[in-house]
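Work through the exercises below with the model open beside you. Try each task before you read its solution.

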Amino acid sequence: MQTIRWGVLAPGRIAHSFAKDLALVPDGELVATGSRSTERATTFADAYGGRAHGSYAALVEDPDVDVVYVASPHALHAEHVLLALDAGKPVLCEKPLTLDAGSAEELFAAAESRGLFLMEAMWTACHPTIRTLLRLLADGDHGSARQVHADLGFVVRADPEDRLLDPDLGAGALLDMGIYPLTLAELVLGEPSELRGVAHRSPSGIDLDVAIAGLYPGGGTAALTASMTSHSPRTATVATEVGCFELGRGFHHPERLRWTPYDEGAGDAPGEPQWIEPDEAVIGKGYGNEIAEVHACLRAGRLTSELVPPARTLSLLRQMDELRRQVGVSYRR
């Protein structure tokens, strides 16, 4: 597989960002786009290359497509992943993989039974800056992570039937934004032993604003927030007993880290902050590194990714299932 050929299923907002970064990956190529609208598929193909298909079925049956990127609304992921798997195609599916953990377990089982690769598109876990953070926490020189603060939010101004607001499509701050703070906390602190959530809900029943308190192994804690109604800071910090890492605005795909050590001998005064560049180059916005991980897995014949393993995908979905139960949000299946 000198060049790995991609097909995009559902050319929505995030698919545009994905396609731009795919163009920067030397051994990747966009060869086809599938949409329920031929016109929409054609517009996307004209912008990024490849042929246009007026149906998802035609896309997954395209013999030139090596791997399918599923970018449809959350509630349709399970259907579309299975469509691609049944056509014999490996899949990278946007987050969250499904609306609940049970459905995701079924998809991973289906992929395994067919001998096909399946990965959730959690690009944060593939991002070089985040991976550098995890390496630094593991090296012992920066202390042990004790506390995570993370936030992601923005004002959603859209029609009620838009994917971001329609409960039938899996809308809500938790699944769209909250998954990122939860992911960072698990990457740094491990799987939580307890989560408590509160939420402000819309008249249609989706969560517009969410605040989460988490307890993690060894006594680590997290304070996590997500919003669809406010211009929140979108930053994160990871505090240890000897200092603090800061991830600036857009913490889920940061350009670099800032480390501030604290000197116990100087009354715990902060030392000189240090900017830390990632260990490897960020490809585009970071979707390119996620694409590179898929390529590495396909070439190695792996069915899952070590950077985004099924166990973590399922753990995050179980966490969100429980939090939605706590705040009274449910989706029809």
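**Exercise 1. The cavity**

Task: How many cavities of 30 Å³ or more does a search of the whole structure find, and which residues line the largest?

Solution. Start with the term. On a 1 Å grid over the protein atoms alone, a cavity is a set of points where a 1.4 Å probe fits but cannot get out; lining residues have an atom within 4 Å of a point. The search of the whole structure gives one cavity of 30 Å³ or more. Next, the volume, which is the space filled by probe spheres set on the points, with grid points joined across faces, edges and corners. For the largest cavity this is about 50 Å³. Its lining consists of Glu120, Met122, Ala125, Thr183, Val308, Pro309, Arg312, Thr313 and Leu316. Now sort them by class. Ala, Val, Leu, Ile, Met, Phe, Trp, Tyr, Cys and Pro count as nonpolar, Asp, Glu, Lys and Arg as charged, and the others, Gly among them, as polar. The lining then has five nonpolar, two polar and two charged residues. Last, look for the main contributor. Helix H10 (residues 310-327) gives the most, with three residues. Helices here are DSSP runs of H or I with at least four residues, strands are runs of E with at least two, and both are numbered from the N terminus.

Two notes on the source: this is a predicted model, where local features need pLDDT of at least 70 and side-chain atom pairs count only at pLDDT 80 or more, while totals for chains, interfaces and linings use all residues. Residues are numbered from 1 along each chain as its sequence is written, and side-chain values use heavy atoms, with hydrogens and water left out.

**Exercise 2. The pocket**

Task: Find the volume of the largest pocket, and say which helix supplies the largest share of its lining.

Solution. A pocket is an open set of points with protein on both sides within 12 Å along at least five of seven lines. The largest pocket has a volume of about 1,000 Å³. It is lined by 38 residues, and the closest to its centre are Arg13, Ile14, Arg163, Leu164 and Asp176. Helix H1 (13-22) and helix H8 (173-189) each supply at least two lining residues. H8 has the largest share, four residues. By class, the lining holds 17 nonpolar, 10 polar and 11 charged residues.

**Exercise 3. Arg5 and its partners**

Task: Where does Arg5 lie, and which residues is it in contact with?

Solution. Locate Arg5 first: it sits in strand S1 (residues 4-9). Arg5 is partly exposed because its relative accessible area is 27%; buried means under 20%, exposed over 50%, and partly exposed in between (1.4 Å probe, protein chains only). Now list the contacts, meaning heavy atoms within 4.5 Å. Leaving aside neighbours within four places in sequence, Arg5 is in contact with Glu29, Val31, Pro63, Asp64, Val65, Asp66 and Val67. The side chain of Arg5 reaches the backbone oxygen of Asp64 at 2.9 Å.

**Exercise 4. Cysteines**

Task: How many disulfides does a search of the whole structure find?

Solution. A disulfide is a pair of cysteine sulfur atoms within 2.5 Å. The search finds zero. Take Cys297 as a case: the nearest cysteine sulfur, that of Cys126, is 8.4 Å away. Cys297 counts as buried because its relative accessibility is 0%. Cys244 is buried too, with a relative accessible area of 18%.

**Exercise 5. Backbone details in loops**

Solution. The bond from Lys95 to Pro96 is cis, with omega near -15 degrees. Pro96 is in the loop between strand S5 (91-94) and helix H5 (101-114). At Ala10, phi is near 85 degrees, a positive value in a residue other than glycine. Ala10 lies in the loop between S1 and H1, and is buried at 7% relative accessibility. Arg234 is not a glycine either, yet has a positive phi of about 60 degrees. Its loop runs between strand S10 (221-227) and strand S11 (236-240). At 23% relative accessibility, Arg234 is partly exposed.

Conventions: Polar contact = N/O pair within 3.5 Å; in protein donor to acceptor, adjacent residues only side chain to side chain.
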